[in-house]
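I opened this model to see how its parts hold together. These are my notes, in the order I looked things up.

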Amino acid sequence: MSVRITRRLPGHPKPRQPFQYDQESDVLPVTAHWLLLWAAGHVEQVGLFQGDDRFAGTGRTVTLQASTLGAFDVAGGDGRGSSQRAYDWPAVQAANALALALLSDHLNGGPVEFPEGADKEEQRYARRRLVHVWGCAPGRTAAEAAAMFRAAADPFGG
């Protein structure tokens, strides 16, 4: 007999249920961990595309890109909100900012350093560029991108 142990992170969108990716979900993560796990699921589901055709095919539109940065944005809510649901926007935005910091620091191999005097928007742009450049590396695969999102979601390995 096997026993399945499922970790539950604070802010889980469906209490008492394990995380499960759903491309049609209009539930937006309010924690960085769930945002990054959703991005990993998105890349696994729709693939990772680079170049001119990255907006073509199932699950890929102008707002639902199948690139690393596009998957991150979609996980954070781009193109997934519903007018029938109330959202805690400050929590969603805080989760997005923390997830971007975790992701870019993970890809950088340590904290991203910014020029002295860089404001929050310049820092955000630099972090997003780092994620974009990593995802555009020749030969980058969906499996690598999903693993990277999961590693950034769980920086302590447990």
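I count a contact when heavy atoms lie within 4.5 Å. With that cut-off, and leaving out residues up to four places away in sequence, I found that Ser104 touches Val112, Arg127 and Leu130.

**Ground rules.** The model is predicted, so I kept to pLDDT of at least 70 for local features and 80 or more for side-chain atom pairs, while totals for chains, interfaces and linings use all residues. I numbered residues from 1 along each chain as its sequence is written, and side-chain values use heavy atoms, with hydrogens and water left out.

**Whole chain.** I took helices (H or I, at least four residues) and strands (E, at least two) as DSSP runs, numbered from the N terminus. The chain has five helices and zero strands, so the order from the N terminus reads α-α-α-α-α. For burial I used relative accessible area with a 1.4 Å probe and protein chains only: under 20% is buried, over 50% exposed, and in between partly exposed. By that scale, buried residues are 41% of the 158 in the chain. I also looked at contacts with a separation of 6 or more: 62% of them join residues 24 or more positions apart. The exposed surface comes to about 9,400 Å², with 53% of it supplied by carbon and sulfur atoms (Shrake-Rupley method, 1.4 Å probe; for residues, only the protein chains shown count as cover).

**Back to Ser104.** Is Ser104 buried or exposed? Its relative accessible area is 0%, so I noted Ser104 as buried. Ser104 sits in helix α3, residues 89–108.

**Salt bridges.** My criterion was a side-chain nitrogen of Lys or Arg within 4 Å of a carboxyl oxygen of Asp or Glu. How many salt bridges does the whole structure hold? The search returned five, and I followed up some of them.

- Asp105 and Arg127 pair through their side chains at 2.9 Å, N to O. This pair ties helix α3 to helix α4 (residues 120–135) across 22 residues of chain. Asp105 is partly exposed at 24%, whereas Arg127 is buried at 14%.
- Glu44 and Arg150 also meet in a salt bridge, 2.9 Å from N to O. Here α1 (residues 32–46) is linked to α5 (residues 142–153), the two residues being 106 apart. Both partners count as partly exposed, Glu44 at 47% and Arg150 at 35%.
- Glu144 bridges to Arg140, with the closest N and O atoms 3.8 Å apart. Glu144 is partly exposed at 36%.

**Helix α4.** I checked its length next.

Which residues of α4 are buried? I listed Arg127, Arg128, Val131, Trp134 and Gly135. Looking down the axis, I saw these buried residues fall within an arc of 125 degrees, so they line one face of α4 (the arc is taken from the directions from the helix axis to the C-beta atoms). A reminder to myself: an α-helix has 3.6 residues a turn, so residues three or four places apart point the same way. The cover over the buried residues of α4 includes α2 (68–75), α3 and α5.

Last, at the start of α4, I noted a side-chain oxygen of Asp119 within 3.2 Å of the backbone nitrogen of Glu121.

Terms used
Polar contact = N/O pair within 3.5 Å; in protein donor to acceptor, adjacent residues only side chain to side chain.
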